[in-house]
Amino acid sequence: DRIAQVEATLRARGIALLVLALPDKADIYADKLPRRRPAQVAQRHASVLTDLSRWGVWTLDASAALRATRRLFPSFQPDDTHWSPAGARAVATAVGEEVRRAGPSLSPAQVTTTLTERVPHDGDLLAFVPTGAARAWIGPAQHTRPTFTTQVETGGGLFDAPPVDVALVGTSYSARAEWHFADFLRGALQADLIDHAAVGGGPFAPMEAFLAGLDAGGPLPKLVIWEIPLRYTTQENMP
């Protein structure tokens with residue numbers, strides 16, 4: 001209900017909303033689970049997407065991109081609840097294709113992303129396996145992730161820079177620099193954006209803050225991309 005209300009609020013201001021629905025890691029790697037999940041959890045993904053479709057909310061399900069990526073690279077970090085940079089890039093590419101298909105025209109930018117190096121990465125799931133000093137002998141193994149740099153050229157000078165037409169709102173999937181999602185999204189859109197995502201609190205608190213900022217005045221974006229992990233749409237995970 002709240003997602004539909006936000007969509008209506010933005011539409012009344014002439015702003016398009018694209019909900020980026022992120023599946024659980026367990027949806028993408030269901031074959032790795034030792035047992036079945038409870039039915040209400042396993043059915044959550046389809047249930048929420050059905051509701052959003054019925055309400056006419058423009059939605060992109062990230063599942064297909066993450067499953068396709070998994071054939072070549074881990075789409076989620078092995079010891080983390082979050083996607084990998086490869087998964088983030090695949091989803092950003094899917095968003096870019098969807099916006100070109102059905103979204104508003106955006107002020108163009110030239111965006112170039114370069115792979116830099118691989119660095120060690122300790123994911124958030126390691127908190128559940130606290131092996132401490134014995135980790136070198138008994139695990140878990142040390143994983144790594146690639147890092148990237150991104151350059152954005154909008155073609156404008158100090159006083160004639162084009163407007164930023166895209167706002168990204170979401171969670172740590174979008175806010176944390178490790179995944180490089182915002183920059184991958186800039187590249188997929190070939191447009192600049194302002195990242196309003198925040199770590200902690202789920203997807204709804206950053207959206208409330210974004211809407212409050214709109215009420216304060218200033219230029220409006222043409223498009224809001226709202227990244228929502230679907231696990232936050234059931235009551236036990238809401239703040």
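Analyst: A term to start with: a residue counts as buried when its relative accessible area is under 20%. Please keep in mind that this is a predicted model.

User: How many residues of strand S7 are buried?

Analyst: Strand S7 covers residues 223-229. Leu223, Ile225, Glu227 and Pro229 point one way from S7, while Val224, Trp226 and Ile228 point the other way. Residues on both sides are buried, and the count for S7 is 7 of 7.

User: Which residue in S7 stands opposite alanine 16?

Analyst: Strand S1, residues 16-22, pairs with S7 in the parallel sense, over 7 bridges. In S7, the residue opposite alanine 16 is leucine 223.

User: What is the bridge partner of leucine 168 in S7?

Analyst: Here we turn to strand S5, made of residues 166-169. S5 and S7 run parallel and are joined by 4 bridges. Within S7, leucine 168 has as its bridge partner isoleucine 225.

User: What share of contacts between residues at least 6 apart in sequence joins residues at least 24 apart?

Analyst: A contact here means heavy atoms within 4.5 Å. Among contacts between residues at least 6 apart in sequence, the share joining residues at least 24 apart is 78%.

Note on methods
Residues are numbered from 1 along each chain as its sequence is written. This is a predicted model: local features need pLDDT of at least 70, side-chain atom pairs count only at pLDDT 80 or more; totals for chains, interfaces and linings use all residues. Side-chain values use heavy atoms; hydrogens and water are left out. Buried means under 20% relative accessible area, exposed over 50%, partly exposed in between (1.4 Å probe, protein chains only). Helices (H or I, at least four residues) and strands (E, at least two) are DSSP runs, numbered from the N terminus. Two strands pair if DSSP finds at least two bridges between them.
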